[in-house]
Amino acid sequence: MPSVSPDAVQIVLFFAVFASVLVFIEYFSTYPSIVEFRFAPPFNRIRFIAIFLCVFTLSLIARGEMAPSTITGFLTRLGIVVGNLIDIPYSPVHLMVIMLPDNASPELVQSVRVASGISYFVSLAALAVFFFYVRILGWPARNGAFNVWVNLPLFDPTAGGDVLPRLQRDARLNIALGFLMPFLIPAVIQMMSDLINPIYLDDPMTLIWTISAWAFIPVSMIMRGIAMGRVAELIDENRRRAYAAAQALQLV
């Protein structure tokens, strides 16, 4: 974007390099640390593609305001259509729009509506793709044996209690929080309008990263909840088969 200062570019580049080094070390190390489902594709690939599409699309739309082109014009028109379709009463996109102060310019309102609509649509599409992998393609069983320790390094199976109800509880909690966050974040910002001024969203970089995080983090939590619920289902199925085999041996 032409309006971004060289210092901002260097800061973003620094964080990008740091994140890439962290992911490279994580995937090529023997012992896991923080990245979950690293050997259960395409969980992390879908999330990466989703956040990439959000940031990339919103960046092109923001660039189109200063340096219009065919692709920026197409994405802007697409964003207007999607934003208007999703901007219905009580929807997350509508809440993002109405959280803006009364003195917000029409251009800012339109930018927030377009950015929110595009980001929310991309996130829902990513969620639909992952749900297809889980329910139709049988993720993660189709990738072979699932190693809980490697793919869930932050989950301690020895922390106490049965693993199965803990996984189910964490899955429900992640899904519930992921569903509520798009509604709660605009409401909290609106209540804290005296301390946080949403009109700062007129800065393109602030708008891009804020809206992308608002759309991506909740969907990422829902995906994590669905994945943990699926792991709990696999553990329950294995237990049932083991119990059935043990009972068959006893009868023999």
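Me: At what angle do helix α2 and α3 pack, and how far apart are their axes?

Reply: Helix α2 (residues 43-64) packs against α3 at about 110 degrees, and the axes are 8 Å apart. This is a predicted model, where local features need pLDDT of at least 70, side-chain atom pairs count only at pLDDT 80 or more, and totals for chains, interfaces and linings use all residues. Residues are numbered from 1 along each chain as its sequence is written, and side-chain values use heavy atoms, with hydrogens and water left out.

Me: How are helices and axes defined here?

Reply: Helices (H or I, at least four residues) and strands (E, at least two) are DSSP runs, numbered from the N terminus. Axes are lines fitted to C-alpha atoms, for helices over the stretch in contact, and angles run from 0 to 180 degrees between N-to-C directions.

Me: So what do we call the arrangement of α2 and α3?

Reply: The two helices are roughly perpendicular to each other. Angles of 65 to 115 degrees count as that, under 35 as roughly parallel, over 145 as roughly antiparallel and the rest as oblique.

Me: Which residues meet there?

Reply: From α2 they are T57, L60, I61 and G64, and from α3 they are I71, T72, L75 and T76. Contact means heavy atoms within 4.5 Å. By class, this contact has four nonpolar, four polar and no charged residues. Ala, Val, Leu, Ile, Met, Phe, Trp, Tyr, Cys and Pro count as nonpolar, Asp, Glu, Lys and Arg as charged, and the others, Gly among them, as polar.

Me: And α3 with α5, at what angle do they cross?

Reply: The axes of α3 (residues 70-86) and α5 (residues 106-135) cross at roughly 85 degrees and come within 7 Å. That makes α3 roughly perpendicular to α5. On the α3 side the contact is made by L78, G79, I80, V82, G83, N84 and I86, and on the α5 side by Q110, R113, V114, G117, I118, Y120 and F121. The contact of α3 with α5 has eight nonpolar, five polar and one charged residues.

Me: Stepping back, how many helices and strands are in the chain?

Reply: The chain has eight helices and zero strands. Its C-alpha trace spans about 80 × 40 × 35 Å along the principal axes.

Me: What share of the residues is buried?

Reply: Of the chain's 252 residues, 39% count as buried. Buried means under 20% relative accessible area, exposed over 50%, and partly exposed in between (1.4 Å probe, protein chains only).

Me: Take S212. Buried or exposed?

Reply: S212 counts as buried, because its relative accessibility is 0%. S212 is in helix α8 (residues 204-251). Leaving aside neighbours within four places in sequence, S212 is in contact with I51, C54, V55, L58 and S119.

Me: And E107, buried or exposed?

Reply: E107 is exposed, with a relative accessible area of 56%. This residue lies in helix α5. The C-alpha atoms of E107 and D202 are separated by 8.8 Å, although the two are 95 residues apart along the chain.

Me: What lines the largest pocket?

Reply: There are 24 lining residues, and A19, V23, F48, I51 and F216 lie nearest its centre. By class they divide into 18 nonpolar, four polar and two charged. Helices α1 (6-28), α2 and α8 each supply at least two residues of the lining.

Me: How much space is in the second largest pocket?

Reply: The second largest pocket holds about 290 Å³. It is lined by 19 residues, with I61, E65, E107, S111 and L207 the closest to its centre. Its largest share, six residues, comes from α5.

Me: Last one. Which residues line the largest cavity?

Reply: F39, A40, P140, N143, G144, A145 and F146 line the largest cavity. Its volume is about 40 Å³.

Conventions:
1 Å grid on protein atoms, 1.4 Å probe; cavity = no way out; pocket = protein on both sides within 12 Å on 5 of 7 lines; lining within 4 Å. Points joined across faces, edges and corners; volume = space filled by probe spheres on them.
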